Amino acid sequence: MTLLDTLRTALKAVISYRIRSVLIVLAMSLGVAAVIILTALGDGARNFVINQFSSIGTNLLVVLPGRAETAGSFPGAILGQTPRDLTLHDAQLLGRLPLVKRYAPLSIGAAELSTANRLREVTVLGSNENLIPIRHMKLAQGSFITQGSERSAQIVLGAKIAADFFPHNPAIGQRVRLGDSRFLVSGILASQGESMGFNTDEIVIIPVDYAQALFNTTSLFRILIEANNHGEIAATKQAILATLKQSHEGEDDSTVITQDAVLATFDRILHALTLAVAGIAAISLIVAGILVMNVMLVAVNQRTSEIGLLKAIGATSTDIRRLFFTEAAWLSLVGALLGFLFGQLGSLLIRILYPQFPAWAPTWASAAAISIALITGIIATTLPAIKAARLNAVAALSRK
């Protein structure tokens, strides 16, 4: 039996037993689709987190008060001291480092914003003019806090805040009251929505010293640092820690988080999660392979006479085995291709429903799912093919 004869005979057998073929193809396609959709979700989550971190700035370092690393001893703890807060003086010292391109102190709190007959509690960010370029934020109207204007009572409104408080009149140039102080609206942020758990549409930004006076504190929540270039991030981190240690009388009580370190951690976690869900989905392909084996074993009993006839006209045991393997290959191939199509449609549906979520299945996942489906289907046919090949031609023909 030639290869072409084998392919034709196997294809005719697949078409002849339609219900059996549809069940096998359906099982295979669902398994492949599950692998593609789940890996698209996992990889999409990884890309979503990376995009969120990239959107907050590049070459970014975040300085936090307190030490987030385990150390042998903390001299201040012996004297009952707590780590020092970060102050504006610390931020100004860091801003003078040659490796630092710009810095933005950050003070955060909540206060009541009011004007005319409108009142609501808002999240208040206190910072300087560098916050816009460091965080990659954009202004829709007006101007941001300019250099040297920390003493001026300016305020920048989020897009939704501006729309709520000034639905009919231009907000720029209007006076608003924040807490007990009056501010002049100098700018409105462009609508950017959620970013790292922060809704920039519903915040207001004022000079950092005004924010500290409003919240009655001298400490800072964070200091955002932008290094001159990506290759100097590690050196900048060491320079920041050394400067703060010297400023805090020799106490190493500050933490610097680099954007690369956070991204690498999330990337490892979410990549492992993607592999885990892909492995779970691949189990369905093994179950589909068992279904193929069961159906093929039944087919051997149903087609005993056909096998006997093939052997009677000259087909060898090898031809019979090859015939069964070819049938399994046809079924697995069609199931894998349909599963690939279903998986891509499922991923497309997720992207349509959630446009901000980049649910694209990685190429390796699609290739692996199709390969596993083909291999599983062919391996599962080994036992039925051997059983069919061992049938005696005369005995097979005599069966009904």
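Is tyrosine 210 buried or partly exposed? Keep in mind that this is a predicted model. With a relative accessibility of 26%, tyrosine 210 comes out as partly exposed, because buried would take a value under 20%.

A pair of aromatic rings is described by the distance of the centres and the angle of the planes. For phenylalanine 183 and tyrosine 210 the centres are 5.6 Å apart and the planes make 65 degrees, so this is an edge-to-face pair.

In total, the model has two aromatic pairs. The other one joins phenylalanine 48 to phenylalanine 357, at 6.2 Å centre to centre with 35 degrees between the planes, and it is classed as tilted. Here, too, distant parts of the chain are linked: phenylalanine 48 belongs to helix H2 (residues 18-55), while phenylalanine 357 lies in the loop between helix H11 (317-353) and helix H12 (363-380), 309 residues apart. Phenylalanine 48 has a relative accessible area of 29%, so it is partly exposed.

Arginine 351 places its charged end over the ring of tryptophan 360, 3.5 Å from the centre. Arginine 222, for its part, lies over the face of phenylalanine 221, 4.1 Å from the ring centre.

Key:
Residues are numbered from 1 along each chain as its sequence is written. This is a predicted model: local features need pLDDT of at least 70, side-chain atom pairs count only at pLDDT 80 or more; totals for chains, interfaces and linings use all residues. Side-chain values use heavy atoms; hydrogens and water are left out. Rings of Phe, Tyr and Trp (its six-membered ring) pair if their centres lie within 6.5 Å; planes under 30 degrees apart count as stacked, over 60 as edge-to-face and the rest as tilted. Helices (H or I, at least four residues) and strands (E, at least two) are DSSP runs, numbered from the N terminus. Buried means under 20% relative accessible area, exposed over 50%, partly exposed in between (1.4 Å probe, protein chains only). A charge sits over a ring if NZ of Lys or CZ of Arg is within 6 Å of the ring centre and within 35 degrees of the ring normal.
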